[in-house]
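Subject: Structure handover

Hello,

Please find the structure below, with notes on what was found in it after that.

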Amino acid sequence: MSTTNWNGRWFHLRKVLERGGPLAHPDFQASNETLDFLLENCKVLVVGAGGLGCELLKNLALMGFRQIHVIDMDTIDVSNLNRQFLFRHSDVGKPKAKVAANFINERIPLANVTPYYAKIQDYDQDFYAGFHVVVCGLDSIIARRWINGMLISLLTYEDGELDPSSVIPLVDGGTEGFKGNVRVILPGMNACIECTLDLFPPQINFPLCTIAHTPRLPEHCIEYARLLQWPKENPFGEEIPIDGDDPNHISWIYEKALQRANEYGILGVTYRLAQGVVKHIIPAVASTNAVVAAACALEVFKLASSCAPKLDNYMVFNDTDGIYTYTYAAERNESCVACSQIPKDLVFDENVRLSEVMEHLSTTYQMKSPGVTTTDQQGRNRTLYLPNVSSIEERTRPNLKKTLKELGLKDGAQLIVADVTSPNSIEFHLKLHASMDT
Amino acid sequence: MASPSPKSPGQISDKSKKYDRQLRLWGDHGQTALESANVCLINATATGTEILKSLVLPGIGSFTIVDGALVSGEDAGNNFFLDHSKIGKPRAHVATQLLKELNSDVKGDYIEETCDQLLSNNPDFFCSFSVVIATGLTEKSLHSLSSNLWHNNVPLVVSVSYGFIGSIRLQVSEHCIIESHPDNLLEDLRLDKPFPGLKEFMDSIKLSEMNHKQFSHTPYLVLLYKALEIWNERHGPNPPLNYKEKEIFKNIIKNELGYGIAKEEDSNTGDEENVAEAIKAVNTALTKTQVPSNVQKILNDDQCIQLKEKNSFWIIARAVKEFVEKEGNGVLPLRGSLPDMTSDSQRYIALQNVYREQASKDAEHVWRHVQTILKERGWAGESVIENDVKLFCKHSSELRMIRGSCLAEELDGKQLPADVDINQQLEEPDSPWLHYLLLRAVNKFHTENGSYPGYYDDNVETDISKLKGCFSRLLNDLGCQGGSLSKDDNLHEMCRYGAAELHAVAAFIGGCAAQEVIKLITKQYVPLDNTFIFNSVTTTTATLRL
Ligand SMILES: [Zn+2]
């Protein structure tokens with residue numbers, strides 16, 4: 001018996017891979033080649049080595065995948081240990097991707113997990129094009145949207161027809177407390193992340209005037225300490241931002257919030273709540289991560305082997321009251337800014353100010369800090385507004401108050417918009433109409 | 001029950017840092033319950049160790065693995081906690097070691113015996129566990145275990161991963177939940193039945209004497225109350241019920257309440273934020289205050305009326321029942337919390353205190369009923385503590401109770417639940433009832449043949465027809481003579497699986513089952529009632545009641 005390929009190792013997988021069945025996917029050919037493909041060739045990218053990522057690595061490695069790559073920019077924190085089971089106390093502070101990969105490679109013979117302690121944005125199209133499937137276990141919506149945009153940018157079209165060989169499936173999982181969701185995205189073929197952006201609840205921010213003048217909830221007091229008292233008092237030195245992981249920082253905010261709460265007779269300010277509000281903490285538990293990551297791994301397995309039909313295309317999970325799931329086909333948005341082939345128009349009155357266009361980009365397309373450039377008739381690029389580089393921001397800020405007409409923009413002008421939510425800029429065509437009320 | 005949460009960083013232990021993300025779900029008292037629990041896993045299969053993994057990580061007190069098998073090559077291939085280097089060693093021991101590595105707070109123990117051996121040599125063995133989890137048992141062993149635990153009143157969670165199908169069966173005779181944490185809980189505002197403190201507060205507020213700033217910073221509850229006064233004067237004691245009435249009511253809020261108040265620059269009376277909030281709340285805040293049906297069921301239960309057992313839940317439930325019938329005038333103790341709403345701080349907090357004080361008075365009444373009940377029955381005063389009564393009252397509108405059924409009786413049963421039209425279910429290839437029956441049929445096959453259908457590569461075809469026989473005999477046993485499948489596709493698929501335990505299916509079932517165990521232990525959130533079927537071919541799940 002070999003120490004790495006012992007008798008019976010793939011007993012369970014062989015049953016469903018080497019036997020056909022009337023309920024298997026119509027494309028499925030039962031043979032021993034499928035397992036070989038999984039073991040030797042199939043390259044899977046796991047994005048995120050946190051709660052879902054750890055589970056995914058284990059699940060994929062035990063479902064016959066070996067060429068697994070994992071990317072994560074985070075290091076291990078004590079609060080990860082209640083669910084991120086590849087990490088031990090002694091690993092706190094080390095890169096998640098590396099520790100997770102090592103653990104799997106040591107436990108499972110011939111597993112070949114390659115870690116990347118890096119940001120997803122550090123890699124380009126050549127890197128992402130090398131995978132058969134990408135599976136995301138992220139808590140950041142922006143990162144999800146970026147990966148989605150990256151996989152869409154790899155699509156090729158011939159005479160308007162999508163080349164199916166350019167499609168890299170994306171399996172996406174998410175959790176929040178006892179709730180979770182799993183989806184299978186075939187970029188360009190079914191609903192993508194941007195098609196269904198409204199599925200993500202908007203982050204709730206308390207109005208500043210409530211925080212400043214009419215606090216009622218303990219959260220209002222914590223936000224007062226965080227947003228108004230901290231920048232004014234700079235308790236740990238000039239320009240030192242709040243570090244949600246530094247207990248001294250959280251204590252300071254907690255004490256200030258408690259003082260304010262006492263002044264108003266508000267109950268319920270605790271250290272735990274203060275930390276939760278400051279860090280936007282999302283509750284998490286091992287079981288939900290296990291369930292969602294298992295469902296994701298099953299989809300990767302079904303996509304790679306065709307031994308059963310894949311999820312079409314969205315499942316929600318909630319086990320607060322019994323165990324509830326709901327599976328449905330999320331619909332494509334025919335004018336999706338990311339995956340539709342339709343040119344995107346921005347229709348505005350010529351007397352509208354640039355700031356209103358920026359506002360439109362933020363609300364309609366949920367962009368975070370869009371930068372806008374245009375090309376003039378000579379083909380030269382001209383920056384209209386760029387928020388992320390302070391010198392350019394300063395120079396272009398006056399443009400925000402100018403109308404589109406004053407900026408010399410004509411009907412049909414091209415606006416190129418760049419944002420952190422997408423790896424590529426998005427081209428819009430300006431449809432201008434003359435003002436009605438002149 | 002509720003322990004105070006840490007107040008300052010000096011008090012934050014490493015433990016509460018480690019468990020921070022889950023403490024936000026079940027609180028320090030839930031964690032204490034988890035840490036005092038001990039569970040038993042029968043058979044360290046992939047499904048079994050995946051369940052334990054999601055119990056060890058959040059910090060269960062202790063676990064014991066009962067398993068008489070040795071690690072096989074097949075086990076090492078699908079189980080993360082059975083290392084290939086330990087092939088041939090006892091499964092119970094190997095899995096215990098690797099699971100304990102996950103969390104140094106958790107104690108782990110193992111017994112290298114089979115479930116059957118334990119049941120015959122030491123029938124009381126399982127009595128000491130909070131929950132018993134069973135995987136990889138034959139129907140016969142499961143039958144014995146189920147009877148044993150049912151009679152000893154120990155909850156049992158049976159989990160199965162079979163090819164692309166999974167199932168969880170929960171056996172618990174009675175499970176009562178105070179903190180069910182419903183996703184959509186109606187606010188408990190009592191606008192239709194204002195208690196004296198609320199009436200007094202509302203009457204002290206005179207909208208007509210306000211300037212516009214004061215008006216626009218008045219909590220919307222006040223606006224609803226005042227509009228309701230006008231409504232009742234004109235339309236009688238019933239609140240607006242249908243769409244038309246609600247529109248009229250909204251007009252009162254918008255146009256009449258602020259009438260005559262000089263508006264500030266740039267604003268119109270009727271467009272204030274609090275007015276908008278009041279209009280939005282018309283649909284929910286005016287609902288009639290009554291005892292919800294899930295709670296009424298508990299208050300009318302024999303356990304509550306007879307009160308034969310000295311059980312804290314039922315004693316308090318009985319006290320609440322007496323409160324409802326006496327001081328409560330037909331309604332439950334007040335919850336005592338308020339949703340956030342546009343308001344100046346002072347009036348919001350004053351209003352909040354009005355609700356808090358009444359809730360505290362109501363709980364005080366219930367506490368007195370508890371003491372009377374204890375005295376009448378000669379039960380010790382410390383059988384119930386006051387904090388439990390407060391918690392119970394606060395959550396009294398979300399109480400839940402599950403009365404389960406015995407698995408052994410289900411296996412002996414001569415029929416399926418009356419509301420199931422089995423012939424119709426057999427027509428649908430994705431029906432969860434069909435998959436329930438298929439899982440029973442493969443167990444019957446195992447009982448008759450000593451192996452699962454399709455376990456051996458050479459027998460797949462012949463096993464399909466044998467399984468077909470098992471399936472129709474099972475239907476006969478269940479009183480469904482002549483019932484049959486129109487096609488063999490599902491039977492074929494079961495034979496294709498050949499009892500394969502796919503790791504990802506085991507992990508899915510493992511995560512689900514672990515959370516059910518945590519619900520049973522913490523008595524928070526609502527457990528499954530009582531059979532869960534997962535079909536990973538269609539990625540759908542269903543819950544059946546057996
Ligand atoms: Zn799209």
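**Helix α10 of chain B**

Helix α10 of chain B, residues 220-235, has 16 residues and spans 22 Å from first to last C-alpha, close to the 22 Å expected at 1.5 Å a residue. Helices (H or I, at least four residues) and strands (E, at least two) are DSSP runs numbered from the N terminus, and the expected span is 1.5 Å times one less than the number of residues.

This is a predicted model, in which local features need pLDDT of at least 70 and side-chain atom pairs count only at pLDDT 80 or more, while totals for chains, interfaces and linings use all residues. Residues are numbered from 1 along each chain as its sequence is written, chains are lettered from A and ligands numbered from 1 in the order written, and side-chain values use heavy atoms, with hydrogens and water left out.

The buried residues of α10(B) include B:Y220, B:L221, B:K226 and B:W231; buried means under 20% relative accessible area, with a 1.4 Å probe and protein chains only. The buried residues of this helix pack against α8 (196-203), α9 (212-216), α11 (243-256), α12 (273-285) and α16 (345-377) of chain B. After α10(B) comes B:G236, with a positive phi near 90°.

**Chain B as a whole**

Chain B has 23 helices and 10 strands. Of its 546 residues, 58% are buried. Its C-alpha atoms fill a box of roughly 90 × 55 × 50 Å along the principal axes. Among contacts (heavy atoms within 4.5 Å) in chain B between residues at least 6 apart in sequence, 70% join residues at least 24 apart.

**Between the chains**

The contact involves 93 residues of chain B and 88 residues of chain A. Together the two chains bury about 7,600 Å², 61% of it on carbon and sulfur atoms; buried area is the accessible area (1.4 Å probe) that two parts lose on being put together, summed over both. On the chain B side, B:R21, B:F80 and B:R496 lose the most area to chain A, together 12% of what that side buries.

**Cavities**

A cavity is a set of points on a 1 Å grid over the protein atoms alone where a 1.4 Å probe fits but cannot get out; lining residues have an atom within 4 Å of a point. There are three cavities of 30 Å³ or more. The largest cavity has a volume of about 100 Å³, the volume being the space filled by probe spheres set on the points, which are joined across faces, edges and corners. Its lining has 15 residues, with A:L62, A:R107, A:I108, A:P109 and B:A76 nearest the centre.

Regards

Terms used
Buried means under 20% relative accessible area, exposed over 50%, partly exposed in between (1.4 Å probe, protein chains only). On a 1 Å grid over the protein atoms alone, a cavity is a set of points where a 1.4 Å probe fits but cannot get out, and a pocket is an open set with protein on both sides within 12 Å along at least five of seven lines; lining residues have an atom within 4 Å of a point.
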